[in-house]
Amino acid sequence: MILGESNDSLIEEDTPMTLSDTATAQLWESFRAGGGASLVREAVELVLQELIEAEATEAIGAGRYERTDARVTARNGHRARLLATRAGDVNLKIPKLRKGSFFPSIIEPRRRIDRALWAVVMEAYVAGVSTRSVDDLVAALGANSGISKSEVSRICGGLDEVVEAFRGRRLDHVEFPYVYLDATYLNVRNNLAQPASMATVVATGITADGNREVLGCDVGDSESEGFWQQFLASLRERGLSGVRLVVSDAHRGLAAAADRWFQGAARQRCRVHFIRNLLAAVPKSHQHMAAALFRTIFAQPDAGAVADAWDQVGDQLAGRFAKIGPLMEHAKADVLAFAAFPRSHWQKIWSTNPLERINKEIKRRSRVVGIFPNEASAVRLVGAILADLHDEWQATDRRYLSEDSMSLLYPQRDSLATAELTVGNHHRGSTQKPTT
């Protein structure tokens with residue numbers, strides 16, 4: 001430091017200058033053009049080899065050509081090992097022993113690419129990248145040796161433990177007053193190795209404090225009542241409770257299973273699915289008018305007005321289209337179940353749209369796969385997608401439904417809490433000595 005300089009100038013000189021992304025990219029290209037990339041790869045190879053040799057020395061109890069009392073075995077040559085890293089492919093030598101076996105901890109058995117590339121490959125698979133494209137991706141990252149299809153399958157198998165833990169986690173940490181159920185279909189090879197359209201069912205829920213969670217998923221032959229019974233039974237066994245409303249379509253098997261496993265809960269028939277059924281009974285030339293008239297039902301301010309509007313719209317449409325009357329009369333209770341809940345919740349609970357968006361994402365990500373080789377691979381991908389989505393929901397600070405609005409579902413709890421607070425204050429006040 002030169003005498004007379006201010007502290008500000010000293011700080012300015014000592015502060016490192018950061019490069020922009022563009023400058024960094026240009027610097028890297030210059031480095032690569034000058035042989036720097038080869039230097040980096042050789043450095044990585046040297047460091048890894050030194051780590052392997054150090055670990056081998058510890059396992060043997062002596063270094064190369066060293067005589068010690070701690071020696072337990074001796075080296076017996078090397079075997080070649082090709083490892084793909086972000087710096088490119090490196091050639092390593094794994095020491096062989098005369099007695100026993102040795103494999104360095106920094107390289108797992110049967111793993112030809114390091115942890116970073118494994119994460120990239122698994123993420124690519126979850127994102128819907130095909131096996132063939134994954135091979136190109138690995139090559140683009142510097143692993144010119146590529147990757148086989150069997151190795152991709154082995155890599156993706158690493159997701160199974162995470163997915164199964166997510167699908168089997170406990171659900172008794174909070175109540176779920178609102179539960180959404182729906183299914184989509186994926187092409188999966190069955191036991192006969194024939195492509196078949198298999199049902200993928202998904203359940204999500206809104207917690208008592210207004211947050212969203214993915215409750216579970218499963219893959220089965222079809223949306224049969226037995227499959228839905230098995231799926232909902234597993235949710236209950238994992239601790240799902242406090243269900244007030246089940247939002248779904250009108251599938252008979254689903255409805256029967258929901259009535260059995262969520263006794264006392266209302267069932268909301270998705271209004272979007274219903275209006276599709278309704279418009280199927282209306283000529284195309286009048287469908288726009290019928291849809292606009294039907295939507296006025298859901299613009300009413302309270303449950304009574306909603307019920308009255310339903311009857312009025314039903315009478316108007318039935319006067320022109322005979323099939324409409326019985327259809328609306330039969331579906332009234334199910335389609336208007338939402339009206340018994342807080343007004344601020346209506347838009348979120350009168351349809352399965354939130355779950356439909358999830359199904360579209362599953363379809364988008366699985367489209368490049370085409371036909372899943374087996375049921376387990378479909379569960380792996382769908383489970384990984386839903387686990388990522390669930391984590392995103394938990395990470396956000398914004399609730400799906402406000403905590404104040406959710407408290408409207410539990411007025412007795414609020415009254416009890418208020419009473420306990422009042423009693424507590426009374427007791428504390430009664431123990432105070434009067435002032436003199």
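Guide: I106 sits in the loop that runs between β2 (88-97) and α4 (115-126). The model is a predicted one. With a relative accessibility of 42%, I106 counts as partly exposed, because that class covers values between 20% and 50%. Together with V47 and L51, I106 makes up a nonpolar patch on the surface, and the accessible area of the three comes to about 260 Å².

G88 belongs to β2. Its relative accessible area is 4%, so G88 is buried. The C-alpha of G88 lies 6.1 Å from the C-alpha of R41, although 47 residues separate the two along the chain.

Another loop, between α3 (36-60) and β1 (75-85), holds Y65. The phi angle of Y65 is positive, at about 55°, and Y65 is not a glycine. Y65 counts as exposed because its relative accessibility is 80%, and the cut-off for that class is over 50%.

Q268 is part of strand β7, which covers residues 266-269. At 1% relative accessibility, Q268 counts as buried. A polar atom of the Q268 side chain lies 3.4 Å from the backbone oxygen of W350.

A disulfide is a covalent bond between the sulfur atoms of two cysteines. Taking a pair of cysteine sulfur atoms within 2.5 Å as the rule, the number of disulfides comes to zero.

The last element to describe is a helix. α16 spans residues 375-395, which makes 21 residues. From its first C-alpha to its last, α16 reaches 30 Å, close to the 30 Å expected at 1.5 Å a residue. The N-terminal end of α16 is capped by N374. In that cap, a side-chain oxygen of N374 lies 3.3 Å from the backbone nitrogen of A376.

Terms used: Residues numbered from 1 in each chain as written. Predicted model: local features only at pLDDT ≥ 70, side-chain atom pairs only at ≥ 80, totals over all residues. Heavy atoms only, no water. Patch = residues over 30% accessible without salt bridge, like charges linked within 9 Å, V, L, I, M, F, W, Y side chains within 5 Å. Areas by Shrake-Rupley, 256 points an atom, 1.4 Å probe, with all protein chains shown as cover. Salt bridge = Lys/Arg side-chain N within 4 Å of Asp/Glu carboxyl O. Helix = DSSP H or I, 4+ residues; strand = E, 2+ residues; numbered from the N terminus. Buried < 20%, exposed > 50% of the residue type's maximum accessible area, 1.4 Å probe, protein only. Expected span 1.5 Å × (residues − 1). Polar contact = N/O pair within 3.5 Å; in protein donor to acceptor, adjacent residues only side chain to side chain.
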